[in-house]
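Subject: Structure handover

Hello,

Here is the structure for your files. My notes follow below it.

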Amino acid sequence: MSATINCAEFAEYFGTPVRSQMNPAYVFEVDGAPYAVEEFYLDDLRNILPFRVKMYNVAVSLVQSFDEMEQGGGASLPERGSVLVFLPGLAEIQYMQEALAKLVRKRLQVYPLHSTVSLEEQNGVFLVPVPGYRKVILSTNIAESSVTVPDVKYVIDFCLARHLVCDKETNYQSLRLTWASKTNCNQRRGRAGRVSKGFCYRLVTRDFWNKEIPDYAVPEMLCSPLASIVLKVKLLDMGDPRSLLSTALTPPNLSDIERTVLQLKEMGALSVSSSSQKRFDGVLTFLGYVLAHLPVDLHLGKMIVLGNVFGCLEECLIIGTVNLTKLAFAQGVPSDCIAFVNAFKDELEWGKENCIQIKRIREVAELFEDLKKRVSQFNMDVTESSSPLDYTSLHKQKFILQVVIAGAFYPNYFIQGAIDEELASKDLAGNDPRTTIQVRNLPPFAFLYYKQLQSLFRQCGQVKSIAFDGSRAYVEFYRSSLRGSCVLPEVSLSLLLAQQRLPLYLQVHPAEEVEARAGARTISHLKYARVNVDFQSQSVYPVGVLSSSLDPDKLPSSQVFIVNITEVVEVGHFWGFQADEVSMEKQRQLTTVINQRELQPVPVSLYPNLLCLAPFYETHTQTEPASYYRAKILHIMGSNVEVFFVDFGNTSQVPCDSLRELPADLLTPPFQAQEFAIAGLAPSAQSMILGDQWSSRARNRFVTLVNGRSFIVSLYSILHGVMRVDLHVSTETGDVSVADLLVQEGHAHSAPESFESQDLKRGTFTPSSTSSSWKSRKEEEKQLINSLLLSFSKTTYSAPKSRVMPLQPSVGKHLPPFSSLQ
């Protein structure tokens with residue numbers, strides 16, 4: 001009998017009734033091990049291994065030590081015993097294989113052994129190694145019983161295993177790393193000692209083995225997804241699932257079986273019968289037949305079948321494969337499934353940018369090919385496309401994929417809820433919830449600690465600015481592109497950290513010490529003042545008493561003004577600059593000043609959002625002399641960079657070595673480029689069904705109307721730094737609103753402005769002409785703040801003068817929940 005079987009339990013199960021009592025079956029024990037196997041634990045290895053070394057290194061050191069052991073015993077080189085190493089999964093096997101490959105002088109023949117290894121590759125495990133070489137087999141628990149290699153002398157056991165575990169409440173299954181049971185480990189030990197004395201090295205302490213390692217593994221019947229078991233029963237035509245499974249050695253609960261049958265009927269895997277006797281039974285459908293043959297969650301299997309029907313089989317196979325390996329990474333995409341497709345299709349670049357383990361993706365690639373072969377037997381084949389998809393086809397395919405995902409996972413998904421705009425606006429003090437998080441419980445004079453706050457959130461992303469208001473601060477991250485319609489991944493990550501309730505700390509000076517540093521100057525009004533910190537311009541300045549946080553100097557002189565449109569982001573969303581005579585003259589003067597100077601190369605390594613000077617070429621040849629303009633780096637692409645010209649609003653790709661340093665005095669003039677959006681405009685149903693939010697027809701029409709032209713615009717409001725405007729274009733019939741034109745042509749429909757935008761519209765428009773007294777007070781406060789910052793920048797924090805202040809992030813709680821299709 002196998003060492004992994006609980007003999008007493010089996011004897012009771014196969015017992016016979018004798019005189020109204022169950023008599024257990026007889027148990028016969030036969031010693032079949034011809035040679036002894038000596039066991040060792042980490043306690044026994046401390047004399048030969050360094051303290052606190054990684055377990056991988058322990059295993060490698062053991063393999064190295066076997067040469068000394070055998071030479072001491074007088075064994076010749078051709079008799080070097082084989083080594084069998086038990087590891088929990090494919091990734092661990094690959095890591096161990098790379099570690100052993102570094103032992104070039106040890107003459108090792110390393111063979112991986114797992115479920116995806118072909119039969120031809122498995123045969124190498126049984127071959128006699130080359131004379132003078134040692135065979136090392138790196139295996140999952142597949143070698144516990146199904147594979148026996150006779151010449152194994154050494155077993156190295158990590159005592160770990162991966163088991164598919166199903167949550168009974170959610171029916172969600174995951175592959176979990178767990179400790180193997182004692183019976184499984186003893187079965188592994190039995191792989192040695194077949195032809196000579198064996199040695200088993202368990203990489204746990206003896207005390208841990210006795211107290212923590214479980215005696216027996218949980219029966220697979222109780223931890224596997226019950227739906228898969230029911231489908232297997234129906235596939236084998238073994239009758240009513242309740243009757244059969246209730247007679248198992250460790251049967252599931254009857255209510256769980258009944259609920260599972262009803263779930264299979266709901267998803268279409270079992271037929272629905274009108275007979276009450278067949279309520280908890282049904283005939284296997286074609287969908288159920290396919291699901292019974294696929295090694296994935298049933299919802300993922302259904303998604304693969306629907307993907308074949310709707311022409312997105314490859315994407316569904318990717319999602320099914322990645323979910324199988326549990327690569328949980330979304331990076332701001334509302335659906336994890338869509339993120340998996342992005343990660344797999346662009347594995348190297350996307351992986352490097354988002355810190356994904358490329359080896360894991362390669363492992364997924366092998367599983368993807370295996371799953372593709374499995375579905376091909378049902379005439380479901382991936383079609384190869386030679387030409388890239390256009391704008392409409394690409395987003396139409398994404399839309400179809402979303403429909404397929406929704407159909408496959410019904411009813412187990414979350415729907416994005418409506419936002420309480422008024423409450424969100426009040427809680428975030430008018431800051432953009434897509435780019436900003438809120439931090440509460442700040443100490444007095446919180447602006448003194450802005451660098452500490454920036455450092456705390458550096459793990460989430462690059463901080464653009466911090467707005468201090470009372471005991472709160474609003475931390476804004478840089479947008480990674482010109483598109484501003486999505487919640488930033490940095491905000492999502494901050495939200496995740498807040499949900500985990502990770503503590504944040506600041507080292508704080510007592511308020512009395514801060515006031516003492518000010519001397520005779522009064523600074524009590526700065527204790528909880530509204531102060532903005534702009535990391536892009538490296539400036540700290542008071543906001544003042546205006547109802548809006550906008551600098552009056554950046555407001556147009558009138559609500560109606562001329563705009564030159566330079567870059568279209570999306571329909572109704574564009575960049576440009578004011579084209580009145582005063583603004584144009586400022587740009588000409590600034591351009592002249594820049595190009596008359598002797599420009600220096602950028603002195604630091606390039607990174608996104610770095611301000612610099614960049615050339616603009618009129619043609620794509622980049623051979624003619626070009627003028628330099630103020631710019632910001634958006635993306636780094638090898639030897640080129642994509643830059644955004646901050647005074648014009650357009651983008652361009654230029655060589656990295658063509659960038660120049662932006663002098664500090666040229667940072668002072670405000671950036672002239674402005675982001676615009678047409679007020680009261682939303683995509684029509686026709687537009688959305690043809691692509692993403694806007695169809696390619698709508699986009700092309702809008703670009704034709706506005707790109708590279710000047711327009712008269714009427715300012716509606718300024719929301720999160722974006723000017724919401726009415727835009728008019730001249731036609732044969734006169735001036736027409738662009739919004740009305742898009743609505744008439746069916747591309748868009750009129751939509752009310754958000755609460756914040758309407759609220760700002762009701763407020764009084766503040767032109768750039770502001771009283772000199774307000775500017776004077778603002779300048780005095782700015783000098784006072786800078787003097788305090790300078791004073792404390794020279795002070796090191798000492799234990800007696802510092803105290804710890806916990807921060808409680810309240811991040812994006814009014815944002816809609818992300819769809820999480822599991």
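In strand β10 (residues 198–202), five of the five residues are buried, so the strand is mostly covered; buried means under 20% relative accessible area, exposed over 50% and partly exposed in between, with a 1.4 Å probe and protein chains only. Strands (E, at least two residues) and helices (H or I, at least four) are DSSP runs numbered from the N terminus. This is a predicted model, in which local features need pLDDT of at least 70 and side-chain atom pairs count only at pLDDT 80 or more, while totals for chains, interfaces and linings use all residues. Residues are numbered from 1 along each chain as its sequence is written, and side-chain values use heavy atoms, without hydrogens and water.

Gly198, Cys200 and Arg202 point one way from β10, Phe199 and Tyr201 the other, and all are buried. In a regular strand the side chains alternate between the two faces of the sheet.

Two strands pair if DSSP finds at least two bridges between them. β3 runs parallel to β10 and is joined to it by four bridges; Phe40 has Tyr201 as its bridge partner there. β7 (residues 152–157) also pairs with β10 in the parallel sense, over four bridges, and Tyr201 is the bridge partner of Ile156.

Phe28 sits in the loop between β2 (21–23) and β3 (37–40). Phe28 counts as exposed because its relative accessibility is 69%.

Regards
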